[in-house]
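Below are some notes on how the parts of this chain sit against each other. Please read them with the structure open.

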Number of protein chains: 2
Amino acid sequence: MSLLNETHAPALRSWVASANQPGADFPIQNLPFAVFRRAGSDETFRGGVAIGDQIVDLRMAASRAALSPQSLRFAAACGDSSLNRFMAMGPDAWGALRLALSRALRTGAPERELLSACLVPQSDAEYTVPAKIGDYTDFYTSIHHATSVGKLFRPESPLMPNYKWVPIGYHGRASSIQVSGQGFNRPVGQTMAPGKSEPDFGPCKRLDYELELGIYVGTGNQSCSSVPMDQAESHVFGLCLLNDWSARDVQAWEYQPLGPFLSKNFATTVSPWIVTLEALAPYRVPFARPEGDPQPLPYLDTPANRAGGAFDVQLQVLLESERMRSAGSAPAQLSATSYRHAYWTVAQLLAHHTVGGCNLQPGDLFGSGTLSGPTPDQAGALIELTSGGKEPLSLPDGDSRTYLLDGDTVIMRGWCEKPGTARIGFGECRGTVLPAKQS
Amino acid sequence: MSLLNETHAPALRSWVASANQPGADFPIQNLPFAVFRRAGSDETFRGGVAIGDQIVDLRMAASRAALSPQSLRFAAACGDSSLNRFMAMGPDAWGALRLALSRALRTGAPERELLSACLVPQSDAEYTVPAKIGDYTDFYTSIHHATSVGKLFRPESPLMPNYKWVPIGYHGRASSIQVSGQGFNRPVGQTMAPGKSEPDFGPCKRLDYELELGIYVGTGNQSCSSVPMDQAESHVFGLCLLNDWSARDVQAWEYQPLGPFLSKNFATTVSPWIVTLEALAPYRVPFARPEGDPQPLPYLDTPANRAGGAFDVQLQVLLESERMRSAGSAPAQLSATSYRHAYWTVAQLLAHHTVGGCNLQPGDLFGSGTLSGPTPDQAGALIELTSGGKEPLSLPDGDSRTYLLDGDTVIMRGWCEKPGTARIGFGECRGTVLPAKQS
């Protein structure tokens, strides 16, 4: 478990002034990673770290020796067009580069002159998916989501008997993961309307988002080996925001008995920035089971996980419709919740994933599953907020939604905040629904 | 659809004498691809084509210009340590290299002298997974398997209402795909015994194989585009044998509602050789639906698919136990069937996979799903052959099996054969169960 150290000190200030603004997502205590280049340029993508409204270009910082000598090979690894090589170097490398950046970006740091030449404004940047994702796994860690969606799909047995024992997950599609800011065409597919005897084929009519966190694997494990709970977090590079777009009508028809397929594989959107577990250390919270629920089996249970295996990440979903954009009005908040309500921790997901011998590789991505909180207004998907499309959600401009319309942009935000501790922001994850290509 | 041409002529003979033996898997009409090196060497892996008991080293053939000038850049692409670059070149490239190899390997070919220096005996070779597999999808295309397994998991509704309309598939784990000849440790995991209120944790007690064909994607498609039926086969590079190892007790407990996860992701074994669709052209058979079954929706239906979208690949599963190995006795056949019984064709799987906009990439792999035939002895998994473990299968040496024991080697073979047409063999796919690491 990553502990507090000098990089977390709330009093630290940066010579990059925008990092010291109250409410900034990227103060010097955060230092998240992305892969970027200047927008519209033919530059190669390379790794960078956010500081205020700037990006430290790590390839340039390495080539100009603008960081401590012992951190330069780690910065150089980040100069690749994906973070996989750096991810594979492990937590000592991640921590060493974080420490070097923290020291070099502090007010009064002697590196300022060299390093300030390595800054690129975020407003000039475009991003790509920050890792080559070999395999993507989506989990189902909100018992609140599992219960309320279960009620809609299977009124007779909303929560499966395995739920409180098994961190339920399934394999997702890696090829269609895209970075925040892109759009995708509304998928077409087969659906079966109630009472009909033959399926329809056409554009999805019940397109939804799912509010999730993404979890990037840093170091992998060999085939036929497993990672025990007390080592699980050392294999995790960091967290991002993730939108697991879902075609509910396609899903309802196709998902039995082998799970979601075309209803999920047309697109998944991730935020560009990966917040490291080390940056999140001040926001650890105890992992506790509700009174009466079974305790996890021993392979999913450690004292450290009970004491601080969960993270209190605040999450928010907003909708920006075509109409709001035309009117110049602000996006409307659809819901807000916290990752602390998840039924399984990051460590438990990783330990469970490998317990049968499945090998993970650097850059692999997990989705947390839709992070609905305990109350109805904390639901992380429209299917829950609208009771399966039966109760439209009113928007501030008088409009309403059951499911997403063409032109809708869904925006997810995440941050950690509490008095006396630096704010750790995730930036945002946004994606736009474009019209279906076929009809 | 690939048509017959000079490379299929049954009368063709090779100057590699072993290719002309009756019953050989790799006559000159086959020419399947693998990635190999000399066993135990530190050579880099590179692509090769099988001819009789030899391998044409395509890297060497390219560097020595031992093939027709117009095919050399295709051979050179096969010199990589995976076939992805060659796969991405498309059917014209695949056909051009096949034609060049067919001509150069024929009796009397002027290339004989140069090319014979590029041969490596298969007995000296070791193989690796022939492509970098970005995403692996497993389908469920045998209605006989779906029905008989469905009976065991869900007696009340064995075949789901979607089965005859949707080519059911789910995403599998790419990282744990291994090549024939390797072993894996029996997985451990959670299982729930009947009548118990808490799950057990330990080694899988119901370890099974699944007889499948693998389908390699050659050329991909862009995100948010789809591949129509009449172009689908042009995106398919070829077929291999595939064993989708399955932990049935883990599967029964974990699979609802999101499908198999740890019960499948510990290992999948593929044969080293990929037989191209072009080589299989003489073995096309009509795709027909049983009387009374619905016809496929228009996006899954073309005249060409009805006329010859299925392939008559004979398949066989054998078991070689520790006891058989000690006694020096031959492996025992467990079942035999044909791919012609599949409910969906290769073209339908690919068209369905992309219809919602999911992008495929060169080297992606599909599993066909367990290829059980219509009669009980044609079942492609022990769960069916033993009625869910209730009726042990007798082996010729007096031993018996419900599920797999440690030390068991499962061998899958595939071939196409009919009078007056060259035999097209797939070689074999073998894997061995090693004891669990934890208990």
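1. Domains. Chain A is split into domain 1, residues 6–128, and domain 2, residues 136–434. The model is predicted. Between the C-alpha centres of domain 1 and domain 2 of chain A the distance is 28 Å.

2. Extent of the interface. On the side of domain 1 of chain A, 31 residues are in contact with domain 2, which contributes 28 residues. The size of an interface is often given as the accessible area lost when the parts come together. Here domain 1 and domain 2 of chain A bury about 2200 Å² between them. Carbon and sulfur atoms account for 68% of that area.

3. Main contributors. Which residues of domain 1 of chain A lose the most area to domain 2? They are His8(A), Met87(A) and Trp94(A), and together they make up 25% of what the domain 1 side buries.

4. As for salt bridges in the model, the side chains of Arg423(A) and Asp25(A) form one, at 2.4 Å from N to O.

5. Make-up of the domain 1 side. The elements of chain A that give two or more residues to the side touching domain 2 are the strands β1 (33–38), β2 (46–51) and β5 (125–128), together with the helices α3 (84–88) and α4 (91–105). By residue type, this side of domain 1 of chain A has 18 nonpolar, 11 polar and 2 charged residues.

Technical notes: Residues numbered from 1 in each chain as written. Chains lettered and ligands numbered in written order. Predicted model: local features only at pLDDT ≥ 70, side-chain atom pairs only at ≥ 80, totals over all residues. Heavy atoms only, no water. Domains from an automatic or database assignment. Contact = heavy atoms within 4.5 Å. Buried area = accessible area lost by both parts, 1.4 Å probe. Salt bridge = Lys/Arg side-chain N within 4 Å of Asp/Glu carboxyl O. Helix = DSSP H or I, 4+ residues; strand = E, 2+ residues; numbered from the N terminus. Nonpolar A, V, L, I, M, F, W, Y, C, P; charged D, E, K, R; others polar.
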